[in-house]
Amino acid sequence: MRKKSLKLDNEQNEKQNKKRLRIIILFLMVIMVLVIIGGSFMTFNRFGTDLYKAFVYHFIGTSFLFAAGLTFFIFILYHVFLITVYNPQRIKKSSVIKFACGGLFTLIITISLLIFGGTEAKKSIQSMKDYENGEWQVEDVLVLDIYRGSRGHKGSFRSNIVLIDTDKGEMTLYFEDFLIYKGEKYRFTYLDAANTIIKVEKIID
């Protein structure tokens, strides 16, 4: 009887392990697909010249990459839940407590990511609406710092997006028509929701 019971337990464990393996593969496939789609839209955005399309591509790309990150954290939470609640491998209580603490930390990160993603999505949608409706802000600003990313050599894969730190806060410029220099003043036409610059003018004293 004991041998039969052990055999049944082994068969059940094997089935459960196969089921968990299928779920792991499914999670990884979903994450990969989301990253590929998001990365593709971000790549298209690097070579674009239309500002509105840049808004749309950036929004779609970041949304898919955000979804990939969220899926990854859900994947971790699934395993933590499995270990702490079902404990199929009969892990010691001390180890279960450690996993539970790790799961709580992951849950906090996941909730924070959801809040951040929702806020950024609202800003992007509002920026697209403002751009369509011509609701722009025009101000003279002092450029404090500039980050153009890794521009590399001519013809290399690089981003057009420029991050500009000003006395009015950090702003984003998708296409730099002419070089902007730190410590100089410019007239920026920008969208207030996400501080996205749509036009830069030199101020002539």
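Biologist: What makes β1 and β2 a pair?

Modeller: Two strands pair if DSSP finds at least two bridges between them, and 4 bridges join β1 to β2, which run antiparallel; therefore the pair meets the definition. At one of these positions, Y147 has L163 in β2 as its bridge partner. Please keep in mind that this is a predicted model, in which local features need pLDDT of at least 70 and side-chain atom pairs count only at pLDDT 80 or more, while totals for chains, interfaces and linings use all residues. Residues are numbered from 1 along each chain as its sequence is written, and side-chain values use heavy atoms, with hydrogens and water left out.

Biologist: How do you know that β1 also pairs with β4?

Modeller: Strand β1 (residues 137-147) and strand β4 (residues 185-191) are joined in the antiparallel sense by 6 bridges, and L142 stands opposite K185 in β4.

Biologist: Why is L163 called partly exposed?

Modeller: Buried means under 20% relative accessible area and exposed over 50%, with partly exposed in between (1.4 Å probe, protein chains only); L163 has 31% relative accessibility, so it counts as partly exposed.

Biologist: Which residues does L163 touch, leaving aside those up to four places away in sequence?

Modeller: With contact meaning heavy atoms within 4.5 Å, L163 touches D145, I146, Y147, M171 and T172. L163 itself lies in strand β2 (residues 162-166), where a strand is a DSSP run (E, at least two residues), numbered from the N terminus.
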